[in-house]
Amino acid sequence: MKTIFSLMFTVTVTFLAMFSFSNVSFAAGESQYDLIDGKQVSTNANDPKVKHIYYTGDEQGNEVRLGFTTQQKVDDYIKNENKVEKESIVSSNFETLGTGIGGSGTCCTDFYTDANKWGAYIKVRVGDSFPNITSSLGRTWNDVISSISTANTGSTYLYQHEYKRGGYIRFNNAYYWGKTINLSNYKFSNGVSANNNASSVYVLK
């Protein structure tokens, strides 16, 4: 009888220890977001709730990754976001517009097939979009975008699938103007790599 109780006690303690370790490990992890819903976070406990990712810059010109749990919250944040001066706080962590080929200037976001703004490219004016890249540009443009240079106003979105379906990523054009975005460094909101995986793009005011 003592042996049975001893065995049950050992199993119970082991299970509780595993469960406690798992919780502590998760709670103690560092969040991958600088802010979630506009608020500072100390652990990764709320990371799984994030459905929308917005990349922008802080007052020192550093890139920041913001997570939001709803579309309304990301829209509200951007409406209230302080305007970032495009020239005075450009970070040195990115390649400049001198890299690669082509470029449409301030009016448009350019999407390139290769890293560092090389390869073929298309331009999308602020306010325009390609909801279905395959139907608009042909199948050869689907899932091939690897780098971006943004317009200087508005936001640039890339979606994993046509018509705003699947994971997406959003960039603040004012911050990224004058820089090269290599999508191999970024993931969609669902964790899938953004590199060579976009099927619809939007450049909105």
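A residue is called buried when its relative accessible area is under 20%, exposed when over 50%, and partly exposed in between, using a 1.4 Å probe and protein chains only. By that rule Tyr163, at 52% relative accessibility, counts as exposed. The model you are looking at is predicted, so local features need pLDDT of at least 70, side-chain atom pairs count only at pLDDT 80 or more, and totals for chains, interfaces and linings use all residues. Residues are numbered from 1 along each chain as its sequence is written, and side-chain values use heavy atoms, with hydrogens and water left out. Here is a friendly tour, topic by topic.

- E9 and E10 pair in the antiparallel sense over 6 bridges; two strands count as paired if DSSP finds at least two bridges between them.
- These two strands make a hairpin with 3 residues between them, and His161 has Arg165 in E10 as its bridge partner.
- Tyr163 sits in the loop between E9 and strand E10 (165-172), where its phi is positive, about 55°, although it is not a glycine.
- For context, most residues other than glycine have a negative phi.
- What makes E10 largely enclosed by the rest of the structure? Of its 8 residues, 6 are buried, so the strand is largely enclosed.
- E10 also runs parallel to E3, joined by 2 bridges, and Tyr54 has Arg170 in E10 as its bridge partner.

**Aromatic pairs and charges over rings**

- A search of the whole structure finds 11 aromatic pairs; rings of Phe, Tyr and Trp (its six-membered ring) pair if their centres lie within 6.5 Å, and planes under 30 degrees apart count as stacked, over 60 as edge-to-face and the rest as tilted.
- One of them joins Tyr159 and Tyr202, whose ring centres are 5.6 Å apart with planes at 80°, so the pair is edge-to-face.
- Because Tyr159 belongs to strand E9 (residues 155-161) and Tyr202 to strand E12 (residues 200-204), this pair ties together parts that are 43 residues apart in sequence.
- Tyr159 is buried at 7% relative accessibility, and Tyr202 is buried at 8%.
- Phe171 and Tyr176 have ring centres 5.2 Å apart and planes at 85°, so this pair is edge-to-face; both residues are buried.
- Ring pairs link Phe171 and Tyr176 with Tyr55, Tyr175 and Tyr186 into a cluster.
- Lys164 lies over the face of Tyr202, 4.8 Å from the ring centre; a charge sits over a ring if NZ of Lys or CZ of Arg is within 6 Å of the ring centre and within 35 degrees of the ring normal.
- Arg170, the bridge partner of Tyr54, also lies over the face of Tyr54, at 5.6 Å from the ring centre.

**The open sheet**

- Which order do the 4 strands of the open sheet follow? The order is E6-E5-E8-E11, and the pairing is antiparallel.
- E6 and strand E11 (181-182) stand at the edges with a single partner strand each, so one side of each is left without a neighbour in the sheet.
- E5 and E6 are joined by 6 bridges, and Cys108 stands opposite Arg125 in E6.
- Lys117 is in the loop between strand E5 (108-114) and strand E6 (118-125); Lys117 is buried at 1% relative accessible area and has a positive phi near 60°.

**Two buried threonines**

- Thr56 lies in strand E3 (residues 52-57) and is buried, with a relative accessible area of 1%.
- A polar contact of 2.8 Å joins the side chains of Thr56 and Asn172; such a contact is a pair of N or O atoms within 3.5 Å, where within protein one must be able to donate a hydrogen and the other to accept it, and residues adjacent in sequence count only if both atoms are side-chain atoms.
- Leaving aside residues up to four places away in sequence, Thr56 touches several others, including Glu81, Tyr175 and Tyr176; contact means heavy atoms within 4.5 Å.
- Thr150 is in the loop between strand E8 (147-149) and E9 and is buried at 2% relative accessibility.
- The side chain of Thr150 reaches the backbone oxygen of Asn173 at 3.3 Å and the backbone nitrogen of Trp177 at 3.3 Å.
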